[in-house]
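Subject: Structure for you to look over

Dear colleague,

I am handing over the structure we spoke of, and I would be grateful if you could read it alongside the notes in this message. Please open it before reading on.

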Amino acid sequence: MPSGGGRLALAGLRKDYGVGEPAVDRLDLEIGQGEFVALLGPSGCGKTTTLRMIAGLVEPTAGRILLDGDDLTAKPVHRRNIGMVFQNYALFPHMSVADNIAFGLEMRGIAGADIRGRVAEALALVRLSGFEARRPKALSGGQQQRVALARALVIRPDLLLLDEPLSNLDAKLREEMRGEIREIQRRLGITTVFVTHDQTEALALADRVAVMERGRLAQLGTPEDVYERPATPFVARFVGRINALAAAAGGDGRLRIAGAAIPVADLLPVGARATVMVRPQHIALTPSGGALSGRITGLTYVGDVVQIAVAGDGFAVVAERGTADPGWRGLGPGQDVGVAWPATAALVFPENANGR
Amino acid sequence: MAGDREGRRGLAAALSLPAVATVSLGFLLPVVWLARMSLNPSDASGALGEGWTLHHYKELVTDSFYADLALASLKMSVTATFFALMVGYPIALFLHRLESRWKTLLVLLAICPLLVSGVVRAYGWIVILGDAGWINSMLKGAGLIDRPIRLVNNHVGVAIGLTESLLPYMTLSLLAGLGRLDRGLEEAARTLGASPLRTFLRITLPLSLPAVVLGSTICFMLAISAFVTPRLLGGGRVFLLATEIYDQALLTLNWPLAATIAVAILVLFSLVLVASGRLQRRVAQ
């Protein structure tokens, strides 16, 4: 199933519902041919509104949507040639699986014999051959998801949009479908925009991740960029777990946190306030010493890792240890420990004038 | 264990007794009486006689007057149901899609005609449709007509009044039946290349058919048994089964004949219900 992968560009996209802040504001985004981009953010950040504007289901208040250089903004939904998979799949309940998939081809006036061939091809692609005559309600969640994907792909769209397609599946199936979607996307080379609130999904699937906060693009980068080099405290907090500590610059290349001086890589003017963020896996616990001293307040065992909560005078952090390493087994609540981290692992976010 | 189960069954029977008694005494018994009365003879003055006869059923079948009546009733009911559907469908669809805090209020507004007595509404229509009513006055004032158009005391008036009286029932039953219709399905069809019209024909309409059958059945039943509206807006010139029952029962005082027509309507009802049930199953798949 060859497919034309389109180049998508969003320019100054804005959606204002007239109450409160705009749902999407000043959004600029360029997505290359065949690229897989995830729109990631909490609910209400505007990611779904953005996707629906690309599809044509929501009219932008301002800005333009360009696909391969063509302005789509004024084009009605049914002329856009964009495939979309909805969160609840939106399969037509009164049609068989084959009729669901054939629908888009019929709308394009394709001859019956060709339709049958392409439906069979699409079903083979999602490994559902033999399910032609079934009704959607006679399928499992994962199978419905695959039919929805086949229905969106069979029209050979210029662009594939996925709106939280995995959120209705159980954890195991979700991981399986994740791999399958990625594999199909690569094979077809189709430009894809994927909306999700699940950072693991975004990191695992996307070539680039666009993190959105309150209608704005907070950061656009590779999964490694947004995880290891988050642009803002919001991105750091949203993508993965992280510890945040209030700090003040000492002017000697060190930051004062809860009375202790900690070396950091970045230099800040004396007295400047900052937030220091450290991923739990970078926090080292020592029997004594360390930059900060505290006491273990609790252990949470989650299988592959154990989370160790430590609190001291004016700070609280969570450290994480892989359970394959037996070192954590001696630890227990009430023990005094030293807390430290490598200077390169600390993310320092200076507080700007407006307090963010 | 077995005794326990039997005891429970006994309790269930005892508990359902009041309901069974109410239905039997309130609905079944009168229908049986009605059926019995339709088999009583009547003398020339119409008075109820003793004994058994099929005379009135013969009259019903052989006298073409009743066939005409039944046909007129059928036509009138189908017409009013059709127009109620045409007006009610867009209203119900609009209300179904509405995501506003005013939704409840608007639904209430759609059904509030039910709060006004049918008699009052019929007189309201006479004020609007009469020879000196609003519509004729306006048309005359605009110089479009010289003589008033007849809009009441005929079939047109009855059809207008019936349509209006059916509308709240139609809107409500459509609204209740539109549950399966999800906005996302229409959006999916649009992204797949269907124009708004084709989306309506291929997705919206098929999925709303069960609601259409339900609403039409209810409205057809209400229309064919309607009496007040045909009586008042027909002005005694529109003859339907329901008005004929009234005339026979209260003017001619031929109760057996009135009962016979009533039984005929009951049979018609059952046929429509069976057909509607079949249709409902077919469109719901």
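This is a predicted model: local features need pLDDT of at least 70, side-chain atom pairs count only at pLDDT 80 or more; totals for chains, interfaces and linings use all residues.

The contact between the chains

The contact draws 20 residues from chain B and 23 residues from chain A, and the area buried between the two chains is about 2000 Å², with carbon and sulfur atoms giving 61% of that figure. On the side of chain B, the residues that lose the most area to chain A are B:Thr191, B:Leu192 and B:Arg202, which together account for 35% of what that side buries.

Between chain B and chain A there are 2 salt bridges, and 6 residue pairs are found in polar contact across the interface, with both residues at pLDDT 80 or more. As for the elements involved, helix H8 (183-191) and helix H9 (196-224) of chain B each supply at least two residues of the side that touches chain A, and the largest share of that side, 7 residues, comes from H8(B). Sorted by class, the side of chain B that touches chain A has 9 nonpolar, 5 polar and 6 charged residues.

Salt bridges

Over all chains, the count comes to 23 salt bridges. B:Glu187 pairs with A:Arg52, their closest N and O atoms being 2.5 Å apart; because B:Glu187 lies in helix H8 of chain B and A:Arg52 in helix H1 (residues 47-55) of chain A, this pair joins two chains. Both B:Glu187 and A:Arg52 are buried. B:Arg202, already mentioned for the area it loses to chain A, forms a salt bridge with A:Glu106, the closest N and O atoms being 2.8 Å apart.

Within chain A, the side chains of A:Arg64 and A:Asp71 meet in a salt bridge at 3.5 Å, N to O. A:Arg64 counts as partly exposed at 43% relative accessibility, and A:Asp71 is likewise partly exposed, with a relative accessible area of 37%.

Within chain B, B:Asp131 forms a salt bridge with B:Arg150, the closest N and O atoms being 3.2 Å apart. B:Asp131 lies in the loop between helix H5 (118-129) and helix H6 (134-141), and B:Arg150 in the loop between H6 and helix H7 (155-177), so the pair ties together parts of chain B that are 19 residues apart in sequence. B:Asp131 is partly exposed, with a relative accessible area of 35%, and B:Arg150 is partly exposed as well, at 43%.

Nonpolar cores

The largest nonpolar core has 118 residues, of which A:Leu8, A:Phe92, A:Ile101, A:Phe103, A:Leu149 and A:Leu161 touch the most other members. Helix H3 (residues 64-97) of chain B gives the most to this core, with 8 residues. Leaving aside residues up to four places away in sequence, A:Phe92 touches A:Asn100, A:Phe103, A:Pro136 and A:Arg151 in its own chain, and B:Leu185, B:Ala188, B:Ala189, B:Leu192 and B:Ile203 in chain B. A second, separate core of 28 residues includes A:Ile262, A:Val276, A:Ile296 and A:Val348.

With best wishes

Notes: Residues are numbered from 1 along each chain as its sequence is written. Chains are lettered from A and ligands numbered from 1 in the order in which they are written. Side-chain values use heavy atoms; hydrogens and water are left out. A nonpolar core is a set of buried Ala, Val, Leu, Ile, Met, Phe, Trp, Tyr and Cys residues joined through side-chain atoms within 4.5 Å. Buried means under 20% relative accessible area, exposed over 50%, partly exposed in between (1.4 Å probe, protein chains only). Helices (H or I, at least four residues) and strands (E, at least two) are DSSP runs, numbered from the N terminus. Contact means heavy atoms within 4.5 Å. Buried area is the accessible area (1.4 Å probe) that two parts lose on being put together, summed over both. A salt bridge is a side-chain nitrogen of Lys or Arg within 4 Å of a carboxyl oxygen of Asp or Glu. A polar contact is a pair of N or O atoms within 3.5 Å; within protein, one must be able to donate a hydrogen and the other to accept it, and residues adjacent in sequence count only if both atoms are side-chain atoms. Ala, Val, Leu, Ile, Met, Phe, Trp, Tyr, Cys and Pro count as nonpolar, Asp, Glu, Lys and Arg as charged, and the others, Gly among them, as polar.
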